[in-house]
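Notebook open, model loaded. I'll jot down what I look up as I go.

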Amino acid sequence: MLLLPILAGGCGLSKLSKIQQESDLTVVETTLEKNLKTLERLAKLGNKSLIVKTARAFSSYSGFLEDRMEEAEIAGDTETAEEMRAQAIVHYARSEMYAFKALAKSNKIFNKARTIGMEVFENLLQKVKPEDVEPLFWAAYAVGRGISLQKDDPMQVIDLARVELMMRRVLELDEKFYFGGAHLFYAVYYGDRSPAIGGDPEKAKEHIDKVDEINDGKFLMSKFFLARYYAYPKQDVELYKKSLQEVIDAPSDIFPGEEAATSLAKSRSKRWLSQVDMLFDLELIEGEIE
């Protein structure tokens, strides 16, 4: 194990360890992509921390694949969009595998996390201790994003309840973990579904407000989520545009040390602001105002 710091320093992972401070998203994406195989090799050593870092890296890189998928969809490039979707699903699956592998270090039952009964699974989650919040979050995140990309597959969607249980446990153990990431999950959980199947924009907003509270309003992704998962479902075009513009106009150093997250929020906000005409019936809204 004494060799691990040497291995990490010698394989270029030192740059990866500071990637959250990089504002150039091209550099962030490239660094993640180039280090995935190296991380997998190191994860084979069995060190729990490295296994968790591998899980996080695969999920982080998958986010860039999703961004490319969205860009292709907007451009009408169906073939590229489907390729990016397929790649993202594969990478989220790798993230999930490593996250559950890390959790299995504490409890071997996590090796069967996707197949055991829900009652057994819920009891298993209650045994998770605070030191395992990180792998639990990334397991839930990876499974959840994978499901989101495969909404047409009922065998995938049925496991959303499993994800919700995991994120609920993350909130119980440490609601502030990863910028309050579990709260952002619930923003999507309530904001991306119709009321007929449990959607509730007001509940989504409650969780978004909690993220702002946790980060003193510096984590700009919360404003993006306010537009995407509250203003859009409510068809509040003014709030939608205002929230996204605030992200775009915010200083790049608003959250020192987390420049990558800030740049990502700005990039996504620009893309979604450009789609106002497609997402809102502006003639109808203007008619209602008159």
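Entry 1, Val237. I started with one side chain and asked: is Val237 buried or exposed? This is a predicted model, and in it Val237 comes out at 5% relative accessibility. The cut-off for buried is under 20%, so Val237 counts as buried. I then checked which element it belongs to: Val237 lies in helix α13, which covers residues 237-249.

Glu96 is in helix α5, residues 78-103. Its relative accessible area is 14%, and with the limit for buried at under 20%, Glu96 is therefore buried. What does Glu96 touch, once I skip residues up to four places away in sequence? I got Arg114, Ala142 and Val143. Ala142 shows up again in the next entry, as part of α7.

I looked up how helix α4 (residues 48-75) packs on helix α7 (residues 133-148). The angle is about 30° and the axes are 10 Å apart. Angles under 35 degrees count as roughly parallel, so that label goes to α4 and α7. I noted the handedness too: the crossing of α4 and α7 is left-handed.

Which residues make the contact between α4 and α7? From α4 I listed Val52, Arg56, Ser59 and Glu66. On the α7 side they meet Glu134, Pro135, Trp138, Tyr141, Ala142 and Arg145. Sorting the residues of this contact by type gave me five nonpolar, one polar and four charged.

I zoomed out last. The protein chain has 16 helices and zero strands. Its C-alpha trace spans about 70 × 45 × 40 Å along the principal axes. I compared the radius of gyration with the globule rule: for 290 residues a compact globule would be near 19 Å, and the chain has 19 Å, so the two agree.

Two more totals went into the log. Buried residues make up 49% of the 290 in the chain; Val237 and Glu96 are among the buried ones. For contacts between residues at least 6 apart in sequence, I found that 65% join residues at least 24 apart.

Notes: Residues numbered from 1 in each chain as written. Predicted model: local features only at pLDDT ≥ 70, side-chain atom pairs only at ≥ 80, totals over all residues. Heavy atoms only, no water. Axes fitted to C-alpha atoms, helices over the stretch in contact; angles between N-to-C directions. Helix = DSSP H or I, 4+ residues; strand = E, 2+ residues; numbered from the N terminus. Parallel < 35°, antiparallel > 145°, perpendicular 65-115°, else oblique. Left-handed = near helix turned anticlockwise from the far one by under 90°. Contact = heavy atoms within 4.5 Å. Nonpolar A, V, L, I, M, F, W, Y, C, P; charged D, E, K, R; others polar. Buried < 20%, exposed > 50% of the residue type's maximum accessible area, 1.4 Å probe, protein only. Rg over C-alpha atoms; globule rule 2.2 N^0.38 Å.
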